[in-house]
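Student: I'd like to learn how to read a structure like this feature by feature. Can we go through it together?

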Amino acid sequence: LTDTYTLNNNVQIPVIGFGTWQSADGEEAYNAVKWALEAGYRHIDTAAAYGNEESVGQAIKDSGVKREDLFVTTKLWNYQRDNYENSLRGFHDSITRLGLDYVDLYLIHWPEPIEYRDHWQSLNADSWRAMEKIYKDGKTRAIGVSNFREKHIDELMKTAEIAPMVNQIFLNPGDQEKDLVTYNKNHNILTEAYSPLGTGNLLDNPELKKLADKHGVDVAQILIRWNLEKGYLPLPKSTHQKYIESNKKVFSFQLDYDDHKTLDALDGQGKQHTDPHEHNFQKVVPFLNN
Ligand code: A2P
């Protein structure tokens, strides 16, 4: 395994990113990112909808890690993408909260916002035009999408000048999205996995515990390693320093054929319910409702 993947525009991206979804703004997100940077993560994933960009940005700034050594991702939320101009403003607001001049990757966070469900096609086309403008202006080193299905990317490509470099989706052995990851691969789109630990739901699985014991690691490390061996980019999230550190130590063992068979058999056990996930953001992030 390598340290970085190469995106379809030749930008290098560190193969494990630190996830911050569900890390609360303030001390929780600040400390998590601080510990992640101390542990050697150089790829941090946040979003306007997570409501924690200010804390994430502050931890980055205080870490003293050189900006050019870091890979930072953020995402455009539904509230700010009702048209082209607002999409540009959404980006500007994010980098202002982060305290950065540019990001490394900017994603459209959600393909079919409930409030625009009857015209998601033109909505995504307009937002993508804004993403392309931000990219051409050098304000982000790569652009992509998140939670997009095949039909959303097919539709986007009808008007896109630049193809997405990344599709970030809910992905773990309990929900393997085989068709979608094959689609991404065939289109030179890197698959990023959020909730690689199944938001914690796979950690007590007895079969996975057996695998972990066999390799002398913990279940989280097995799940992260599975992602890497599949060629995906996992974004494990934690707010505990010891987990943050151990989630990165996945390079000293290898899953064998039988291990993969065990993991592959878990598919379907942890399907995500997309709409409650979307609603969840609207509830927990007050500024998005303004
Ligand atoms: P916490 O944030 O309290 O440390 P995912 O990345 O799939 O969304 O999963 C995140 C969940 O898994 C969080 O609840 C997180 O807990 C937990 N978690 C992260 N790393 C580990 C680990 N190494 N061992 C046990 N639980 C973990």
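This is a predicted model: local features need pLDDT of at least 70, side-chain atom pairs count only at pLDDT 80 or more; totals for chains, interfaces and linings use all residues.

Student: How many bridges hold strand 4 to strand 5, and which residue stands opposite Phe-71?

Tutor: Strands 4 and 5 pair in the parallel sense over 3 bridges. Opposite Phe-71 of strand 5 you'll find His-43. Moving along, strand 5 (residues 71-76) runs parallel to strand 6 and is joined to it by 4 bridges, with Ile-108 in strand 6 as the bridge partner of Leu-76. Then strand 6 pairs with strand 7, again in the parallel sense, over 3 bridges, and there Gly-144 of strand 7 is the bridge partner of Leu-107.

Student: How should I read the two faces of a strand?

Tutor: The general idea is that side chains in a regular strand alternate between the two faces of the sheet.

Student: What about the nonpolar core? Which residues have the most contacts inside it?

Tutor: The general idea first: in soluble globular proteins, nonpolar side chains tend to be buried together. Here the largest nonpolar core has 71 residues, and those with the most contacts inside it are Val-33, Ala-36, Ile-44, Tyr-106, Val-166 and Leu-223. Leaving aside neighbours within four places in sequence, Val-166 is in contact with Leu-7, Leu-105, Leu-107, Ala-142, Gly-144, Ile-189, Leu-190 and Glu-192.

Student: And Val-56: buried or exposed?

Tutor: Val-56 counts as buried because it has 30 C-beta neighbours inside 10 Å. This valine lies in helix 2. Not counting residues up to four places away in sequence, Val-56 touches Thr-20, Ala-29, Val-33, Ile-44, Thr-46 and Leu-98.

Student: How do I handle positions that carry a database annotation? Which residue does "active site" cover?

Tutor: Treat the label as coming from the record, then look at the surroundings yourself. The unreviewed UniProt entry puts "active site" on Tyr-50. Tyr-50 sits in the loop between strand 4 (43-45) and helix 2 (53-63), and counts as buried because there are 26 C-beta neighbours inside 10 Å. Apart from neighbours within four places in sequence, Tyr-50 is in contact with Thr-20 and Trp-21.

Student: Which residue does "binding site" cover?

Tutor: That one is His-109, again according to the unreviewed UniProt entry. His-109 is in the loop between strand 6 (105-108) and helix 4 (120-136), and is buried, with 25 C-beta neighbours inside 10 Å. Its contacts, leaving aside neighbours within four places in sequence, are Ala-47, Ala-49, Lys-75, Leu-76, Trp-77 and Ser-146.

Student: What is the phi of Asn-147?

Tutor: It's positive, about 65°, although Asn-147 is not a glycine. Asn-147 lies in the loop between strand 7 and helix 5 (150-159) and is buried, with 21 other C-beta atoms within 10 Å. Ser-195 also belongs to this topic: its phi is near 55°, a positive value in a residue other than glycine. You'll find Ser-195 in the loop between strand 9 and helix 7 (206-215).

Student: Last one: is Asn-188 buried or exposed?

Tutor: Exposed, because Asn-188 has 12 other C-beta atoms within 10 Å, and 12 or fewer is the cut-off for that label. Asn-188 is found in the loop between helix 6 (178-186) and strand 9 (190-194). Asn-188 and Pro-164 are 24 residues apart in sequence, and 8.6 Å apart in space from C-alpha to C-alpha.

Definitions and conventions
Residues are numbered from 1 along each chain as its sequence is written. Helices (H or I, at least four residues) and strands (E, at least two) are DSSP runs, numbered from the N terminus. A residue is buried if 20 or more other C-beta atoms lie within 10 Å of its own, exposed if 12 or fewer, and partly exposed in between; C-beta atoms are placed from the backbone. UniProt positions are given in the numbering used here, feature names are shortened, and annotations may be inferred rather than shown by experiment. Two residues are in contact if their C-beta atoms, placed from the backbone, lie within 7 Å. A nonpolar core is a set of buried Ala, Val, Leu, Ile, Met, Phe, Trp, Tyr and Cys residues joined through C-beta atoms within 7 Å. Two strands pair if DSSP finds at least two bridges between them.
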